[in-house]
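Me: I would like to understand how the words used for a protein model are tied to their cut-offs. Could you take me through them step by step?

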Amino acid sequence: MVQTQMPMSESQILQTLMNWRSRVSAAVWIVVRDAHAAEDIFQNVALKALTKDVTFDNDASLLSWAFITARREGLDWLHRHRREVVSLRAELLEILERDWQSPSHTSDESRLGALETCLEATPEDSRRLLKLRYFDGLACQEVATKLGINLDTIYKRLSRLHESLRQCIEGKLATAKPPGVAAQ
Amino acid sequence: MNVNDSQRQLLLKYLDGHLQPEEEKPLHELLESNVAARDFLREIAEQAVMVADIERMAAGSCEVVAGDHFITVDARPVRNTWLRRQLALSAIVIVALVSGLIYQHVSADRQVAMPSVIYPPPVSDPPVARITGLSGPLIWRGDGGHVVSELSIGTELAGGTIEGMAPDSLFELAFHDGSSVMIAGVSMLTFSDLGQKELRLNGGNLSASVAPQPEGKPMLIHTRSAAIRVLGTRFEIDAELDSTALHVSEGTVEVRRLSDGRTVDVPAKHRVVATVDGGMQLEPTLDAVHDWKSQLQFGPENTYGKWTPASSESPATLKAIPFVPKENTSVTLHMLGLAVKRADNAPIVVLPGSRFVVRGRLTTATDVYFGIWVVRPNGEFAGKFRCRRLATNFRDESQFEAVFPLDEFGLDPCVWDRKDELASKPDGLVVTGAWSFTHAGGPTGLEITEVELISPDPVLGSTKVGSQ
């Protein structure tokens, strides 16, 4: 974490945002439920951070701004695309954002690499389920129809899959961490 | 505090928009009171965006990652999104660079450097043309030799040099008068427009559609062996070290051989090859043929990869070399490529039912991708298509003969953003190049000894053999 009182340079801003790309995008995804739109919004936020008349003293202020801006852009995207999504209460979203800005966050590159490795060991039908749901953006009912299984089974399989991937990712990250080095 | 399976399913239902009204209150209570539930919600969301990222990379290496994006492609908004992301990333990089930043992010885990670039483009000269199409690795040098490898569609350029670095590189430029030029594959083009368009093709393939030029100011194109004057037409040029082949689709183009000053007017549907010391005969464009076989034994000309001559024990081979797609710098493909053309320059047209047979060797069995470039009869770029054979079709340390039926080729993901203007299938189009690659996280020893295009109907094909 950058702990200086000098305004962050553009390179520091960019580096921090890239390290937090998945988490900020994930916060947007919670709002828009579309991974591609979430990615676009993250990029917009990054551009704003570099081009708007705004300065940041440290990572915390940058991330706080980024999460709030990303959420607003997400809500704006929903409005523009006339999507109706049952959203969480604003105060709950704020709690989530605070949680998500935890300084123990592992860099994006590491998490992405760990997930890739974990997916390689995941059965093909499970990877297909994830692709249909999150890359193709299908609702679970559409995935169920496509795979010829019922909706409840989709939820159960996704539940187990996310949990096993979480454990796998954490295992990979723990293994990769040098002994005696605490999370930053 | 933990989160159990039913609570996880409740979160998934919420994210799916499938929550029943009576489930809303338990959901909010769960999230307010249970940190583990909030963590799991975040975990789902992060996995969702990372899965999309990984799929995009896999699709994007098409583009050779573009190889990444191959094959079972459903051209959802994905491509547009990917493109926008690339544009935005480029913008970020450029903005950062304009401010004097040289940003380098190095992953300690993977030892991958990203993004790479370097100097901002100069803004002093007025732009003369706009980028209308690009894919594959390209390097742009503007005034003063400033180098930019992050380009985006819509960027206005003031003149300079563009270099295609791989068989799947493509760069299309529209001048402000509507004229357009495109380079494909490993090519290098310098251009300017100071009242008169002047281009220098130092090697490779260029096709152009030129709007009528001002009186006395034709477009000039220089190669190492010829000078070409264009008043308004469609044509294609293949420039090699000692020869220039010009194929004219519409209008008339004047070509002058530099070695002796001889000039020939090339009318529509004609071609001429100007060599340093050979003939310069005007010929009508030949009828299309539908079969072709590579001739690697004749040398590495117009190939991409490591070429090895034939020996008493083995035929000439072309081996894949490492290639990092610009769309995804964390991926290393192993790629090779070759021009698809015949010694007599007859256009090679693929038909429904045509198939490519690739013969070669792998040291590690893995998925093998094979792609082709196609153009329309007038030389206009029509698309890049590719096909994949799964690892189960290959064996370690073994020779292979892989068949890629044309019916199984899909539009290469790296040109998805232009799918509305490109052909939906390669049927009936002229194939000008081919490439193959593996995407296995390391070398797979992919090498080929021969590529053959087989016509669906032997009567339609021909027995002539081509050259690289």
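**Terms and their cut-offs**

Reply: A:Asp59 counts as buried, because its relative accessibility is 6% and buried means under 20% relative accessible area, with exposed being over 50% and partly exposed in between (1.4 Å probe, protein chains only). Please keep in mind that this is a predicted model, in which local features need pLDDT of at least 70 and side-chain atom pairs count only at pLDDT 80 or more, while totals for chains, interfaces and linings use all residues. Residues are numbered from 1 along each chain as its sequence is written, chains are lettered from A and ligands numbered from 1 in the order in which they are written, and side-chain values use heavy atoms, with hydrogens and water left out.

Me: What makes the link between the side chains of A:Asp59 and A:Thr16 a polar contact?

Reply: The distance is 2.9 Å, and a polar contact is a pair of N or O atoms within 3.5 Å, where within protein one must be able to donate a hydrogen and the other to accept it, and residues adjacent in sequence count only if both atoms are side-chain atoms. A:Asp59 itself lies in helix α4 of chain A, helices being DSSP runs (H or I, at least four residues) and strands likewise (E, at least two), numbered from the N terminus.

Me: Why is A:Glu73 called buried?

Reply: A:Glu73 has 13% relative accessibility, and so it counts as buried. This residue also lies in helix α4 (residues 59-80) of chain A, and, leaving aside neighbours within four places in sequence, A:Glu73 is in contact (heavy atoms within 4.5 Å) with A:Ile41, A:Asn44 and A:Lys48.

Me: How do you know that the buried residues of helix α8 of chain A are on the same side?

Reply: In α8(A), residues 140-147, the buried residues A:Cys140, A:Val143 and A:Ala144 are the ones to look at. They cover an arc of only 100° around the axis, which puts them on the same side of α8(A), the arc being that of the directions from the helix axis to the C-beta atoms. The face turned away from that buried side carries the exposed residues A:Thr145 and A:Lys146.

Me: What makes B:Glu46 and A:Arg111 a salt bridge?

Reply: Their closest N and O atoms are 3.6 Å apart, and a salt bridge is a side-chain nitrogen of Lys or Arg within 4 Å of a carboxyl oxygen of Asp or Glu, so the pair B:Glu46 and A:Arg111 meets the rule. The count between chain B and chain A is six salt bridges.

Me: How is the size of the interface between chain B and chain A given?

Reply: The two chains bury about 5,900 Å² between them, 64% of it on carbon and sulfur atoms, where buried area is the accessible area (1.4 Å probe) that two parts lose on being put together, summed over both. The contact takes 53 residues from chain B and 63 residues from chain A.

Me: Why are β28 and β31 of chain B said to pair?

Reply: Eight bridges join β28(B), residues 355-362, to β31(B), residues 398-405, and two strands pair if DSSP finds at least two bridges between them, so these antiparallel strands qualify. B:Arg355, for instance, has B:Pro405 in β31(B) as its bridge partner. β28(B) also pairs in the antiparallel sense with β34(B), residues 447-454, over seven bridges, and B:Phe356 stands opposite B:Leu453 there.
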